[in-house]
Amino acid sequence: MAASNDEYDFLFKIVLIGDSGVGKSNLLSRFTRNEFNLESKSTIGVEFATRSIQVDSKTIKAQIWDTAGQERYRAITSAYYRGAVGALLVYDIAKHPTYENVTRWLKELRDHADSNIIIMLVGNKSDLRHLRAVPTDEAKQFASENGLFFIETSALDSSNVEQSFQQILTEIYLLVSNKAIESSQDNVQPGTGAQIIVSSADDYTKSPGGCC
Amino acid sequence: MSSNTRTAYGTSSTFWKRTPTFVPSTIEIVYTGETPSPAETTAKPPAETTSAQPAPRSASPQPTPQPTDKVQEPLTSTSSYDDSSPIAQDEAPTHPLELKFHTLLTAANVDIEELQKQSWKGIPSSQRSTAWCLLMGYFPLNASRRSQTISRKRREYTDWVRQTFSRGEDALDRSLWHQIRIDVPRTTPGSPLFQSPRIQRSLERVLYCWAVRHPASGYVQGINDLLTPFYYVFLSPHLAQPVDSLDDSVMDTVEADSFWCLTKLLDGIQDNYTHAQPGIQRQLIKMKDLVSRIDAPLAAHLDSEGVEFIQFAFRWINCLLMREVSLTSTIRMWDTYLAEPDGFSSFHIYVCAAFLLKWSKQIQQLDFQRTLLLLQKPPTESWTAKDVELLLSEAYMYKCLYHNSPNHYSATQKR
C-alpha cells in the first residue's frame, strides 16, 4: 500500500483524467487503498496517492495524480501532465457524453503531456450493465485506432481495477527498460525524490494492447 | 424593532421559536463558556499590537468534545446554559451574550463595527442568521429600510427562478446544469439534511441562477460547498420539523437569502473561479511568502522535498478549508471572516498558513509523499471549537505581525 520510503526500482508518474463524475477518485482509492466511497466529494484541483507493485521481480512505485474533471480546472490540472509517463483516460460506460469527450481529453494530453506518454482508455462503472450506453466493441475499436490500451473496470465491484493499473505500469516498465537497454545514459534513478524517470521523447510505436 | 427582525425571516412569528428537541448546539458551544479557561490566554490574539483591529479575543473555549465528522445535523444541546427554553428572536434572550447580540441586531441603525467586533469571537447561533445577513451587507443596517429591501430582494430572486426554470430543463444550459446536477448529491454527502431531495433541488436552483449571472466564472466545483453554511445557518431555526414538512415560504426565504449571501461572498473572491483561477494563484504566492517568513525551516523543507504549495493548498483556498474542517467549524470560522476586512480572501491566507504550521514539526520529518498525504487529509476529525478558535487567533497574530510589513509579499527566502 501507500508506503513511503520503501525501496523501489522504478517510480512512475501516472495521471487520472476524464470527465467529472466518471469515477476517477474511486478507481484510485480502490487501487491504492482497496476502498470505494459512495459518498465521495468532487475532486478539487489534484489529489495524490501511491502504490507499489511488482513487475518482473522489480518494484514499481506508481505515483498517481487524480485530477478534477471540470473544465475550469484544466489550467491547473494540465500542469500535472508534465513528467507523467502514463495516463488513465476514464469515461463512464453508462454516460455516452463522457465517452464522446475522450477526444477532447486526448487533445489535452497531446497539448500538455510528453509525446511518448502511454494512455489507457478506461470504461468505468462496468457494473452498470443495464445502463450501458457505450458498447465495449466501439470503445475497443476507438482505442485501437488511436493507439490506446483499453479496459473496462468497475471501481464499485473491483473488477479489472487492479489489472488496469498493473497493465499500464507493466507497459511503461517495458518501454522504459527497453529504452534503458537501448541507451545506457538514459538511466533510471531509483530511490530519490519525486522526479520521474522517462528520458528523451524518442518516438516509438505503441501497440494497442488488448483486454476485455 | 421586533417586527423588523421578524419580517427579516418570514411572516410567521414562530420562525424563531426554539424547540427543546433540536438545537444546533454544536454551533453554540463556542460562546457558552462563562468562566475563562486557561486556553483563553494562549488563544488570545495580540489585539494590543494593532489599534486598527477590533481587538478580537477568543471566546472561552468549551472542553466539550464536539462531533466534527460529516454529520452536521442539529443535535440536542450540550451547551452550558439553558438552550432548551423557547426563545423567539423578537423576545429579548436571557443569556448575556445572546442579549448583547440581540440588542445590537435590533438597533434602529446597526452599529456594524461593534457587530464585527463582537462577531469575531463567535456569534450565538440564535442570532447568527440575522448577524450574517447584516455582516454580509445583504440586510441594510438601517432597520426602517430593512424589511422593504429584503422583500424586494427575495422577490427578485424568486422571479429569476421562475423565469429560468419555467421552460423546463431543456431550456437550461446543458453542460452547466449537468455539472451542478452531478455535484449537488456530492455536497456534504454525510449529512441527511443535504441529502434531502428538497434541499438538493433548492441548491441546484441557487447554483444555477448564480452561475448564469456570473458568466466570467460560472459554476466551479467547490462553490457548492460554499453554499452549505448559509443553508445550515438559515435553516437551523426551523429544523425542529423535518425539512420535507417545512412551509414553502420558509424554504423560499432560506433559498433566496442563501442565494444573496452566496453572491455577496463570491463577489469578494470571484477571481478564485475565473479562467486559470488567478485569485487562488495569487493567494498561493502570498501564502508561500508568509510561511517562509513565519517558519523558514518548514518552507525550506517543503522546498527541498519538492512540495509545492499548489499541491496541497489549492483546495484550502478554493473551498475555504471546508474540505479540511467540519461544517460546524466552518460556520464558526465564518463568524470571524465576516468580522475581518476581506476575511474570505486576505485573512483566509493567514488562516491557511496557521493551519499548515499546525503540522510543521511533523512535516519536517516527512518526505514528499508523506507530506502530501498528510496535508491532503489533515487529522482534524477531533477538532473542537477550541481548535478552530486557536487557529483563528494564530492567524490573527500572523496578520498583525506581517500584514503591514512592507517586505511581506515581496519577501523571497534565500535558498
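User: Which residue takes a positive phi just after α1(A)?

Analyst: That's A:Asn34, with a phi of about 50°. Helices here are DSSP runs of H or I with at least four residues, strands are runs of E with at least two, and both are numbered from the N terminus. Keep in mind that this is a predicted model, where local features need pLDDT of at least 70, side-chain atom pairs count only at pLDDT 80 or more, and totals for chains, interfaces and linings use all residues. Residues are numbered from 1 along each chain as its sequence is written, while chains are lettered from A and ligands numbered from 1 in the order in which they are written.

User: How many residues of α1(A) are buried, and what covers them?

Analyst: A residue is buried with 20 or more other C-beta atoms within 10 Å of its own, exposed with 12 or fewer, and partly exposed in between; C-beta atoms are placed from the backbone. Helix α1 (residues 24–33) of chain A has 7 of its 10 residues buried, so call it mostly covered. Those are A:Lys24, A:Ser25, A:Asn26, A:Leu27, A:Leu28, A:Arg30 and A:Phe31. The cover includes β1, β2, β3 (58–67), β4, β5 and α6 (161–182) of chain A.

User: Why is β4(A) described as largely enclosed?

Analyst: In a regular strand, side chains alternate between the two faces of the sheet. For strand β4 (residues 86–92) of chain A, 7 of the 7 residues are buried, so the rest of the structure largely encloses it. Both faces are covered: A:Gly86, A:Leu88, A:Val90 and A:Asp92 are buried on one side, and A:Ala87, A:Leu89 and A:Tyr91 on the other.

User: Which strands are joined to β4(A) by bridges?

Analyst: Strands pair if DSSP finds at least two bridges between them. Strand β1 (residues 10–18) of chain A runs parallel to β4(A), with 5 bridges, and A:Ile17 stands opposite A:Leu89. Strand β5 (residues 118–124) of chain A is parallel to β4(A) too, joined by 7 bridges; there A:Asn124 is the bridge partner of A:Asp92.

User: What pattern does chain A follow along the sequence?

Analyst: Chain A has 6 helices and 6 strands, in the order β-α-β-β-α-β-α-α-β-α-β-α. Of its 212 residues, 46% are buried. Contacts mean C-beta atoms, placed from the backbone, within 7 Å. Among chain A contacts with a separation of 6 or more, 74% link residues 24 or more positions apart.

Key: Two residues are in contact if their C-beta atoms, placed from the backbone, lie within 7 Å.
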